[in-house]
Amino acid sequence: MSEEKSKGKVPVLEVIDIKRHYTQRKKHLTADGRVLKHAKIHSVDGVSFTLNAGEVLGVIGESGCGKSTLGRLLVRLEAPTSGSILIAGHSAEDLIRKDRLNFRRTTQMIFQNPFDTFDPRFSIEKIFIDTLKLHKIGENNSERRKIVIEKLESVGLIPAESFLDRFPHELSGGQLQRISILRSMMLEPSVVVADEPVSMLDVSIRADIINMLYNTAKEHNTSLVFISHDISTTRYISDRIAVMYLGRIVEMGAADEVATNPQHPYTKALISNCASIDPRSKHNPVKLPGEPPTPVDMPAGCAFAPRCPMAAPECCKTGQELRDFGAGRFIRCMKV
Amino acid sequence: MALLSIRDLSVTYHSGTRHVKALNSLNLDINEGESLGIVGESGSGKTTLIMAILRLLPKGSVEISGEAFLNGKELISLKQEELLKMRWEEMALVFQKSMNALSPVHKIGVLMSDIYRIHKPEVSKRDARRRIEELLELVNLPSRVYDLYPHELSGGMMQRVSIALSLMFNPKLLILDEATTALDVVTQTQILEEIVALEKKLGITRMMITHDMSVVASTCKNVAVLYAGCLLETGLTQDVLVEPLHPYTQGLIKSFPVFDNDTHQPLQSIGGSLPDLSSPPPGCIFEPRCIKACDMCRESMPRLKEYGQGRFAACHLAGGEINV
């Protein structure tokens, strides 16, 4: 971070220690029988990272680790409890207060289920043209229509005219997800958050969507935050990978480094459980005892310690810091 | 002898003027004690296949033809009373979403002992409870789960409850319909390992439906590739996934991101989408999406041909030669 600043390069996105806590309305019963009133759910609990222009950051973790909440915080669908998000050096808070429309133009999101992304009563043409109109692009509708057709054809939705009059339910999941990506990218945002964009789709068409997402992001020099639970896919698309566990980043580094040489015991376990499609390859998955915990009653020490195969008594007492191991590698474990 | 043999099974859904052929004269055998993985994209008829042999499809709008023999008994024409007896006891099914399969207003114990005592009415409540606690232990759940409601369990625990339910009467055939798809990788591997260990211990034959080929690669002995209701390739997993004969299987493997290799091989999709099964193409069912299709493929659907022991593929061009 400091290195980049000294070069005079401001990262497109800088996240400083953001937290998002929810308060539970019901009483919460902990595993050891205590009853908590107004328990805090630490969905995102102190996440910091920077993202440069055109970079792809993959975020992986089990369900409930807060990766989707992080995505929603980044595009400001939710306000963080504390911490700040800087977009090209300016606070997202100020940007959104000054000009909400312009903020939405710089940050966009792609959701998991394309069928829920669009209004089912709007035709594809209306979906695109409304967006363009709102952002005052194009003189009139026929000019906007031309822009849309050009965009659709650029991603292989040919003939584009035949798609314009159709409604979302008339398209396949893959086609609709392409349209969703296209709409998010149309205004050339500087940051796009893609939350599990291919997990709804069939394996046979995932590759096209992934490649299209990657190519459009690189073309516009857009920074991409790719949230997924699928490690292989994330490694394929990402420049860097951040591994999350219970609302915190436990390991971050270059994608190949993290994948081939994981250091944090949780990353090791995750990666060893990632099966190959080659039946000849041997894999010895690391077993993690217990269930993935809920981020309610956080342990005092390392959050992973209760399931960690390497845990020592001191791990349960003191919290761990995300330590810098050089070359952009960060690990939150005292044993490394 | 095969434990389950399916002969010429076809399923057609009728709706108004459309007749969708979801399964097209399928032939499949599973030997006792073996495991078969069925892969294919959504809409390829995987779930229809098991719903047909378990007779869970709605009557009226569905037309089923063909035969399915489980241990010599024909399932498609079996009487309702006999069928009810066979369910759970000889064949059991684990669904994808246990949260929807378990009753939210009953405790796990009540739910399980209900099923147990329907099949064995003479058993006392206390004995039923003992048997159920045994089952819970078998799938690595604490016995306190007996008194919990489904919403108090995590996804992995609920899936284990479903598996415990299916093992209640030591069924000969266990069918898993995307049973681990909704789980996290770590939990998924653990549950799969447990299932494999249990089936060795109890001598269960397993049929597994999934779209995740890595699951098949690590847990199944045989694999069958289904596409648009047709069986395109089948054989030992180690043969089919390493040297696929059918272009569809080859495409599926190419579109799967490989974690192990360090070279960044670009991922490739299979272009196009499933054909409309109410008006399928005249030739090979995969021809519209096949990159190797030739004139012959547009004319006739290739039949399954044997390529070595237990290895079948339905392609005119399989094995590098033209087969008529």
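The model is predicted. Chain B has 324 residues, and its secondary structure comes to eleven helices and twelve strands. Chain A contains an open sheet of eight strands. Across the interface, 35 residues of chain A are in contact with 35 residues of chain B.

**Chain B overall**

- The radius of gyration of chain B is 21 Å. A compact globule with 324 residues would have a value near 20 Å, so the two agree.
- The C-alpha trace of chain B spans about 70 × 50 × 40 Å along its principal axes.
- Buried residues account for 45% of chain B.
- Take the contacts in chain B with a separation of 6 or more: 61% of them come from residues 24 or more positions apart.

**Strand 8 of chain B**

- Strand 8 of chain B runs over residues 205-210. Six of its six residues are buried, so the strand is largely enclosed by the rest of the structure.
- In a regular strand, side chains alternate between the two faces of the sheet.
- B:Thr205, B:Met207 and B:Ile209 point one way from strand 8 of chain B. B:Arg206, B:Met208 and B:Thr210 point the other way. All of these residues are buried.
- Strand 3 of chain B (residues 35-39) pairs with strand 8 of chain B in the parallel sense, over five bridges. Within this pairing, B:Gly37 has B:Met208 as its bridge partner.
- Strand 7 of chain B (residues 173-177) also pairs with strand 8 of chain B in the parallel sense, over five bridges. Here B:Leu173 has B:Thr205 as its bridge partner.
- From strand 7 of chain B, the chain passes through helix 7 (residues 185-202) to reach strand 8 of chain B. This β-α-β crossover is right-handed.

**The eight-stranded sheet of chain A**

- The strand order in chain A is 8-9-10-5-11-12-14-13, and the pairing is mixed.
- Strand 8 (107-110) and strand 13 (323-324) of chain A stand at the edges. Each has a single partner strand, so one side of each is left without a neighbour in the sheet.
- Strand 12 (residues 248-254) and strand 14 (residues 330-331) of chain A run antiparallel and are joined by two bridges. A:Glu251 stands opposite A:Ile331 of strand 14.
- Helix 9 of chain A (residues 173-186) lies across strand 8 and strand 9 (191-195) of chain A. The helix runs at about 175° to strand 8 of chain A.

**A loop residue: A:Ala53**

- A:Ala53 lies in the loop between strand 4 (40-51) and strand 5 (56-60) of chain A.
- A:Ala53 has 16 C-beta neighbours inside 10 Å, so it counts as partly exposed.
- Leaving out residues up to four places away in sequence, A:Ala53 touches A:Val12, A:Asn221 and A:Ser223.
- A:Asp230 is 177 residues from A:Ala53 in sequence. In space the two are 24 Å apart, C-alpha to C-alpha.

**Where the chains meet**

- The contact involves 35 residues of chain A and 35 residues of chain B.
- On the side of chain A that touches chain B, the elements giving two or more residues are helix 10 (203-219), helix 11 (231-237) and helix 13 (265-272) of chain A.
- Helix 10 of chain A gives the most to this side, with eight residues.
- The residues on this side of chain A divide into 15 nonpolar, eleven polar and nine charged.

Key:
Residues numbered from 1 in each chain as written. Chains lettered and ligands numbered in written order. Predicted model: local features only at pLDDT ≥ 70, side-chain atom pairs only at ≥ 80, totals over all residues. Buried ≥ 20, exposed ≤ 12 C-beta atoms within 10 Å, placed from the backbone. Helix = DSSP H or I, 4+ residues; strand = E, 2+ residues; numbered from the N terminus. Pairing = 2+ DSSP bridges. Right-handed = clockwise from strand over helix to strand, strands pointing away. Contact = placed C-beta atoms within 7 Å. Axes fitted to C-alpha atoms, helices over the stretch in contact; angles between N-to-C directions. Rg over C-alpha atoms; globule rule 2.2 N^0.38 Å. Nonpolar A, V, L, I, M, F, W, Y, C, P; charged D, E, K, R; others polar.
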